[in-house]
Amino acid sequence: MAQRVAIVTGGGRGIGAATARILAARGDRVAVTDLDLAPAEETAAAIRAAGGEAIAIACDVSRRADVEGAVGRAVETYGQLDVLVACAGLTRDNLLHKMTDEDWDIVVATHLKGSFLMAQAAQGHMVGRRYGKIVLTSSTSALGNRGQANYAAVKAGIQGLTRTLAIELGPFGINVNAVAPGFIETRMTRATAERIGVDYEAMKEHAAKEIPLRRVGQPEDVGHVIAFLCSDEASFVSGQIIYVAGGPRG
Ligand code: NAP
């Protein structure tokens, strides 16, 4: 098969950046997108420095025009689109009685609407070619997590979206799956520690004690599973939620 083309959202940092690097190392040409251009460009430059092919695109996944522009730019640059990995995300944690409309709306817009918009734009370039791999990002928080009513709701929603897209797009040769990471060492978990005033090292240590494999995850732990789900070795896997959490529930 000719070299594939992948688009990765939230590709400037954390899990998205690791996934973009892994896909590129496996031979995909990668459009790295993020809210700001600078982190996306950093990942793309690292890929190019390692001998891969990548471009960087600024894209707010909650905005239809940005999403359609980014997907259009990837296709213009590389001629096709084979893989979508949706990693863009943020948290606005708060107990229910303190959660604002803004906390709710930005989390829903980024994760749930963002995944919907990206999948919708990407499938337009996949259906006709009868080939595509889509991986969305859920979380162990989908099972419920204190202080994350907004985030848990969207991460559970992404599981329903994944299963539904797998049913709708399967007849067109498109696999749709999701990863559900547990505690992964990224800016997101570091920011949570800062926000609640807990030392990050102590937070990781505490989390590791609760995880059956007795460690927190690294972005690459998730990136390798995403790359597998995007591979043709996983071509009969669709509509699945794969927990990457060091245990059954993280
Ligand atoms: P991260 O390091 O903070 O990376 C997320 C990236 O998404 C950031 O570069 C962020 O930009 C970007 N982003 C935020 N809003 C966006 C928008 N509207 N459009 C485009 N990009 C946007 O976080 P991560 O830990 O790698 O998280 C990646 C995914 O995994 C997220 O969906 C997250 O919910 C999920 N996840 C993470 C964990 C974990 O423990 N880390 C666990 C379960 C699930 P800014 O930095 O500029 O905001």
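A crossing of two helices is called left-handed if the near helix is turned anticlockwise from the far one by less than a right angle, and right-handed if clockwise. With that in hand, α1 passes α8 in a right-handed crossing, where helices are DSSP runs of H or I with at least four residues, strands are DSSP runs of E with at least two, and both are numbered from the N terminus.

Before I go on, a word on the source: this is a predicted model, in which local features need pLDDT of at least 70 and side-chain atom pairs count only at pLDDT 80 or more, while totals for chains, interfaces and linings use all residues. Residues are numbered from 1 along each chain as its sequence is written, and side-chain values use heavy atoms, with hydrogens and water left out.

Let me stay with that helix pair. Helix α1, residues 14-25, packs against α8 at an angle of about 50°, their axes being 8 Å apart; the axes are lines fitted to C-alpha atoms, for helices over the stretch in contact, and angles run from 0 to 180 degrees between N-to-C directions. The two helices are therefore oblique to each other, given that under 35 degrees counts as roughly parallel, over 145 as roughly antiparallel, 65 to 115 as roughly perpendicular and the rest as oblique. Among the α1 residues that meet α8 are I15, A18 and I22, and on the α8 side the contact includes V222 and I226, contact meaning heavy atoms within 4.5 Å.

Now to the sheet. Seven strands form an open sheet with parallel pairing, in the order β3-β2-β1-β4-β5-β6-β7, where two strands pair if DSSP finds at least two bridges between them. Because β3 (54-58) and β7 (241-244) stand at the edges with a single partner strand each, one side of each is left without a neighbour in the sheet. Neighbouring strands are turned by 15° against each other on average, direction ignored.

Which helix packs on the sheet and touches β2 and β3? That is α2, residues 37-49, whose direction makes about 175° with that of β3. Helix α8, residues 219-229, lies across β4, β5, β6 and β7, and runs at about 165° to β6. Within the sheet, three bridges join β4 (residues 83-86) to β5 (residues 132-137), and V83 has K133 as its bridge partner in β5.

Finally, two backbone details. R130, although not a glycine, has a positive phi of about 55°, and R130 sits in the loop between α4 and β5. R214, in the loop between α7 and α8, likewise has a positive phi, near 60°.
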